[in-house]
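Dear colleague,

My notes on what was found in it follow directly after.

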Amino acid sequence: MQPVADTLKPIAFRLLLLRLAGWAALCVIGLGIAFCGLELLEKTLVFKETTAVWLNLAFIGVCGIVLLLGLFRVYRNQPKLMELSNRVEEAHPELMDSFNAAVEVSSIPASKRTTIEQLLISSVAEKTASYDLEKLLIPKRLRFYTLSGLFVVAVAF
């Protein structure tokens, strides 16, 4: 039976990757909208070639800075294992804080755990084996079809 924290770590990593991909898609869409606006502006006002190049470079630079700052912010605000375990506890109150305790105890090296701590981890792992934690912890806005739609829109721009 896999320990509780070991089941949460891949979900937390996948959540981080999905959030980063979603932010990148939104930035690409924003850049596409900015280029569309620049094209409309160019239709009404005739730019010189150098002006158009500098405006394009400025939009790309601003979008790049926003992308990097957003990626840093997403990484910094990634939920910790305890926050994810709190979400599981909220969804399944029958666990009565045993899931949180098992996640905390999982940080202790296996050789230093007491028998009671080992039993706690194994009982919680047994209780939660039937739970779909990934579906519970990853929001619908970060699922495959939603992000695929964002990237399709990004490519369309």
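**Findings in the predicted model**

What covers the buried residues of helix α3 includes α1 (4–44), α4 (98–106) and α6 (133–137). Please bear in mind that this is a predicted model.

Helix α3 itself spans residues 81–91, and its buried residues are L84, S85, V88 and E89. Viewed down the axis of α3, these buried residues fall within an arc of 145 degrees, so they line one face of the helix.

Two salt bridges were found in a search of the whole structure. One of them joins the side chains of E134 and R14, with a distance of 1.9 Å from N to O. Because E134 lies in helix α6 and R14 in helix α1, this pair ties together parts that are 120 residues apart in sequence. E134 is partly exposed, at a relative accessible area of 33%, and R14 is also partly exposed, at 38%.

The salt bridge between K43 and E39 has its closest N and O atoms 3.7 Å apart. Both residues lie in helix α1, four residues apart, which is about one turn of the helix. K43 counts as exposed, with 62% relative accessibility, whereas E39 is partly exposed, with a relative accessible area of 42%.

Finally, the largest pocket holds about 160 Å³ of space. Its lining includes W23, L26, R141 and L150. Helix α1 supplies the largest share of that lining, four residues. By type, the lining residues of the largest pocket comprise six nonpolar, one polar and two charged.

Yours sincerely

Key:
Residues are numbered from 1 along each chain as its sequence is written. This is a predicted model: local features need pLDDT of at least 70, side-chain atom pairs count only at pLDDT 80 or more; totals for chains, interfaces and linings use all residues. Side-chain values use heavy atoms; hydrogens and water are left out. Buried means under 20% relative accessible area, exposed over 50%, partly exposed in between (1.4 Å probe, protein chains only). Helices (H or I, at least four residues) and strands (E, at least two) are DSSP runs, numbered from the N terminus. The arc is that of the directions from the helix axis to the C-beta atoms. Contact means heavy atoms within 4.5 Å. On a 1 Å grid over the protein atoms alone, a cavity is a set of points where a 1.4 Å probe fits but cannot get out, and a pocket is an open set with protein on both sides within 12 Å along at least five of seven lines; lining residues have an atom within 4 Å of a point. Grid points are joined across faces, edges and corners, and a volume is the space filled by probe spheres set on the points. Ala, Val, Leu, Ile, Met, Phe, Trp, Tyr, Cys and Pro count as nonpolar, Asp, Glu, Lys and Arg as charged, and the others, Gly among them, as polar. A salt bridge is a side-chain nitrogen of Lys or Arg within 4 Å of a carboxyl oxygen of Asp or Glu.
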